[in-house]
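Reader: Please take me through this model, and for each term that you apply, set the value beside the cut-off.

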Amino acid sequence: MAEEASSDGQLRRDVTVWGSFMWGYADVGADIYTALGLVAGAAMGATPVAFAVAGIVYLLVGLAYTELASSYPVAGGGQYFTLRGIGDFWGFVCGAALLLDYTIDISLFAVSSSGYFNFFLPALGVRIADFAVAIGPFQGVNLLWLGETLAIIVFLVVINVIGIKISSRLNEVLGVLAIIGQVVIVLFGFVFAWDPNMMLAQITLHFPSLHNFMYGSSLAIISFVGLESISQVSQETRRPATIVPRTSISLVFNVLIFALAFSVLGMGLLPWQVLAQHAGDPIAVVAQKIPIIGVVAAPMTALIGGLIVLISSNSGVMSASRLTYSMSTFSLLPKWFNAVHPRYHTPHRTILVFSAVAMVEAVFAFMTSEAMNTLGNMYAFGATAGYMLVFIALIVLRFKDPYSPRPYRMPLNFKLQNKEGRAPVQFPLLAVFGFLGVATILFEVILTHKIGRIAGPAWIIVMLVIYFIYRQKERLPRFGSVKRDWEDAQRKVLREAEEYELLSEYEAALAARDGEAQA
Amino acid sequence: MALHVGLPGSVIAAVFLVLLVIVFRWMFRIPPLVPYEVAQIRRTVNDLRTVVVPVVNSLSSERAVELACRLAEPQQAQILLVGVVEVPLSLPLDAGMPAQRLRAEEAIEVGAAICDQHELPFDRVVIPARSAWEGIVRVARERRADLIVLGLDPKQRMPGEELSRNVAQVIRRANCEVIVDRPGHSLAGRESAS
């Protein structure tokens, strides 16, 4: 979108309001295309309730990201906030969890994208289920779907290494089409086809067990993952402190509204079993059920869905390399990852390494016969682990850095005294609730996700081994932090972002602090 | 295929649409960019913490309190209402001067009522001094005021002078910002009538 560097080597601030929104939408907006079938398979008749529960937690996560991304408009997202708030070690852990999510993002959405394209196979006389085979102990490995998925990832690797930009215009146009398509489906579906009695019957007669509901609601969180993207791109957004809160909050509410609308609509149109069976293309199946427009809307939705989740998969490739770059810059990962290809000028090593990880994850997921479910398991682990640390960082930063202007604050604050010589703190009560909410979801993940609870922590441990070896080699503290001048960095960020009012507010706050210290 | 319009579904669809429109409208309403110089200037005004307003029993002085309150309101700055009791050289500085003190306190009461209207924090100071400007400058210095707002009484001007002596001296001697308000014709007319 805005990857050109200005003359001083900084990324040029080209991302507008709509561009910033679309960066997030390409990631989060696509999630419902993937999540609806998965959640229906677990939460059954209570699918809308599962989405609502996850939605409340997501709302709090969204507000936390809004505050942090507008206060610290730099690339790095959750990893940067955690590093700044609670130090290098936890910054790395958060980065590793989010990196897991980006690799899953690549594989899960590649699976989902091919799932939507497979919607057209019956018209060609091909049945996707016919390609499921047994390989040794692994039953129902769908070779065609796996092949499509790997081909998509290879395609994304090539375009990212060569440096072909999926133009921002294409991204924005597709986003607009997806939003219009979704709005049309929701409106027509509710007005002409939705049956409230059917939904109530499903909720009352097919309410899941507690275990299944916990599994479903923890899977539902994946339909809200991706807010990171707005933070990742805030360094390239014009006037980020002004624009990012608006685009983030809009995105949060948009995605929440769509997720709730589709889950309620789906339950009033189709039995949950049908949605669960069509985990690859649930929204297209919902569209197909709408009278009159269904004939056109279903293939259109499948096409738009396939493309939007493809863009989402691509955003996983880009975000993984951006995050790795940020982690290398702060000496959390070896500089080896930052090497730029001599011919294409792209971070080829990062792209190749983490896309290869995504391919391994995809192969592994297909071996389990429920590929999307398996990937969803791990996705939920990475997201919740990362978000928990982000909430802690938000609370700690209110104490450690009360001087940075916060154009947006999470609501429900109460004043507390700070350490001597520091400004009083507005303690964010809602962040505590957010932390508890995410912790509950993580608890559900560990309790109910057989694969996520092993693969997730295993990933973090492997990454920590790399971290410790690297820090040892560079003679950097393993659990401590490297000293950095955050105040100077903050001034620079605000100046470059043209947020002069905030810069002057920040400088005045620092001057007042220094004046008091001298007095 | 027969189309059947469902009422509950239509209501949900309408709510859904309205919510989307509200969210998008809000997102696109971006406040205008503030240039660096403008931000700096705004900051200098936002930094006002203590505003001194000398008061006497006159409309121009009361208007000065009102103006000071409006300047102080956004950042909830404190208003310091100062009544100076001018003690002639023929008397010691601690001479009681009860009549003048009473007048000063009455003027301060009016100023306090204006501050109350704005729900602003304020303080009262009655100070003896050889001349009004001396008292005003001293209070401003001692209380580290950021601004002095003076109401210019047209009657107190000497013939041929643009400003009264007190105002001129405050401008010259004060080490903080000074704003002088000279009332327009309508207020000046009302003042002479009262």
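Author: Chain A has 20 helices and four strands, where helices (H or I, at least four residues) and strands (E, at least two) are DSSP runs numbered from the N terminus. This is a predicted model, in which local features need pLDDT of at least 70 and side-chain atom pairs count only at pLDDT 80 or more, while totals for chains, interfaces and linings use all residues. Residues are numbered from 1 along each chain as its sequence is written, and chains are lettered from A and ligands numbered from 1 in the order in which they are written.

Reader: Why is chain A called as compact as a globular protein of that length?

Author: The globule rule, 2.2 Å times the number of residues to the power 0.38, is set against a radius of gyration taken over C-alpha atoms. For 519 residues the rule gives 24 Å, and chain A has 23 Å, which is close, so chain A is as compact as a globular protein of that length.

Reader: What makes A:S481 buried, exposed or partly exposed?

Author: A residue is buried if 20 or more other C-beta atoms, placed from the backbone, lie within 10 Å of its own, exposed if 12 or fewer, and partly exposed in between. A:S481 has 17 within 10 Å, so A:S481 is partly exposed. This residue is found in the loop between α18 (452-473) and α19 (486-496) of chain A.

Reader: Which residues is A:S481 in contact with, leaving aside its neighbours within four places in sequence?

Author: They are A:G87 and A:D88, contact being defined by C-beta atoms, placed from the backbone, that lie within 7 Å.

Note on methods:
Two residues are in contact if their C-beta atoms, placed from the backbone, lie within 7 Å.
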